[in-house]
Amino acid sequence: MDIKILGSGCTKCEKLEAAARTAVTQLGIDAEFDKVTDPAEIASWGVMATPALVIDDDVVLSGRVASVEDVKGLIANR
């Protein structure tokens with residue numbers, strides 16, 4: 001699984017990344033994480049509000065920090 005955190009590196013971005021990493025660990029899934037901080041690249045994903053979460057090249061969340069349980073649900077729906 002490929003997971004990207006899109007955002008400027010702000011506190012909310014860090015919280016979303018932490019929640020995603022915890023969710024992956026709890027689910028026992030092998031995942032690669034990338035941080036995307038370049039505004040042009042973030043815009044290329046069609047994201048207007050950060051932080052955003054991309055799972056396997058699909059934007060599944062933007063503009064808010066998800067809880068660990070929310071991220072687990074997003075992963076389970078893949």
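The model is predicted, so local features need pLDDT of at least 70 and side-chain atom pairs count only at pLDDT 80 or more, whereas totals for chains, interfaces and linings use all residues. Residues are numbered from 1 along each chain as its sequence is written, and side-chain values use heavy atoms, with hydrogens and water left out.

The structure holds 6 salt bridges, a salt bridge being a side-chain nitrogen of Lys or Arg within 4 Å of a carboxyl oxygen of Asp or Glu. One of them joins the side chains of Glu17 and Arg21, at 2.9 Å from N to O; both residues belong to helix α1 (residues 11–27), where they sit 4 residues apart, about one turn of the helix. Helices (H or I, at least four residues) and strands (E, at least two) are DSSP runs, numbered from the N terminus. Glu17 is buried at 10% relative accessibility, while Arg21, at 39%, is partly exposed; here buried means under 20% relative accessible area, exposed over 50%, and partly exposed in between (1.4 Å probe, protein chains only). Glu17 and Arg21 are also linked with Lys35 in a network of salt bridges.

In helix α3, Glu69 and Lys72 lie 3 residues apart, about one turn of the helix, and their side chains meet in a salt bridge of 3.5 Å, N to O. Glu69 is exposed at 54% relative accessibility, whereas Lys72 is buried at 18%.

A further salt bridge, 2.6 Å from N to O, pairs the side chains of Arg78 and Asp58. Because Arg78 lies in the segment after α3 (68–76) and Asp58 in strand β4 (residues 58–62), this pair ties together parts that are 20 residues apart in sequence. Arg78 is partly exposed, with a relative accessible area of 42%, and Asp58 is partly exposed at 36% relative accessibility.
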